[in-house]
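Thanks for coming. I will take a few minutes to go through one chain, and the sequence and the structure are up for you to follow.

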Amino acid sequence: MPQTITLPEAARAVIVAHGEAGFPDEVCGFLVGAATGDQKTVTEAWAIENAWEQAGDALAGAAADTFLGEAKGRRFFIPPGELQKADQRARAMRQDILGFYHTHPDHPARPSAHDLAMAQGTFPGYSYIILQVQDGSAAEMTSWVLRDDYSEFDEERITPSPMP
Ligand SMILES: [Zn+2]
């Protein structure tokens, strides 16, 4: 059964505004909310600084050689410390980090090989919302979940309000 993620208009607006303001750079943030079974409900989207410049501290060897030459227009990176801080902040609100959003400036809203590589460092339950920002304007928005075997992403449905 395909999973669904509920994204209220206010949270969608945060992602769209962040993505358009950051264009042509890729921007990213956290999806905060609650999960029940296969149903995730986002309550807030939290923008964070694109910390791709810091990725060198966390990536080692071949991965660093492969990715660090890239500009942040094509790459995003969330430092583990940021995730930990956001997780604590969410828990204090009795919420969880459900996943991440990031933008694809002038590229389709489909996970890249880089997205799959970066996701190997997380656990499969997270959602990855991708917003295509075309010529500076928000275009298609999709959401993806990593398979349990980490091999690829499956798309999940985004709904503006909870399923009945
Ligand atoms: Zn991506």
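How many helices and how many strands are there in the chain? There are five helices and seven strands. Keep in mind that this is a predicted model. Going along the sequence, the order is β-α-β-β-α-α-α-β-α-β-β-β. The chain has 164 residues, and 30% of them count as buried. As for contacts between residues at least 6 apart in sequence, 66% join residues at least 24 apart.

Let me start with the strands around β3. Strand β1, residues 4-6, pairs with β3 in the parallel sense, over three bridges. In β3, Thr41 stands opposite Thr6. The pairing of β2 with β3 is antiparallel, and there we have nine bridges. β2 and β3 form a hairpin with two residues between them. Gly37 sits in that turn and has a positive phi of about 60°.

Now the core. Which residues touch the most other members of the largest nonpolar core? They are Leu31, Val32, Val42, Phe100, Tyr101 and Ile129, out of 28 residues in that core. The elements that give two or more residues to this core are α1 (9-22), β2 (28-36), β3 (39-48), β4 (96-105), α5 (113-119), β5 (127-134) and β6 (137-146). β5 gives the most, with five residues. In soluble globular proteins, nonpolar side chains tend to be buried together.

Take Val42 from that group. Leaving out residues up to four places away in sequence, Val42 touches Ile5, Thr6, Leu7, Pro8 and Ala11, and also Leu31, Val32, Gly33 and Leu98.

Helix α4 covers residues 80-92, which is 13 residues. From its first C-alpha to its last, α4 reaches 19 Å, close to the 18 Å expected at 1.5 Å a residue. Just after α4 comes Arg94, with a positive phi of about 60°.

The other helix is α5, and Ala113 is in it.

How values were computed
Residues are numbered from 1 along each chain as its sequence is written. This is a predicted model: local features need pLDDT of at least 70, side-chain atom pairs count only at pLDDT 80 or more; totals for chains, interfaces and linings use all residues. Helices (H or I, at least four residues) and strands (E, at least two) are DSSP runs, numbered from the N terminus. The expected span of a helix is 1.5 Å times one less than its number of residues. A nonpolar core is a set of buried Ala, Val, Leu, Ile, Met, Phe, Trp, Tyr and Cys residues joined through C-beta atoms within 7 Å. A residue is buried if 20 or more other C-beta atoms lie within 10 Å of its own, exposed if 12 or fewer, and partly exposed in between; C-beta atoms are placed from the backbone. Two residues are in contact if their C-beta atoms, placed from the backbone, lie within 7 Å. Two strands pair if DSSP finds at least two bridges between them.
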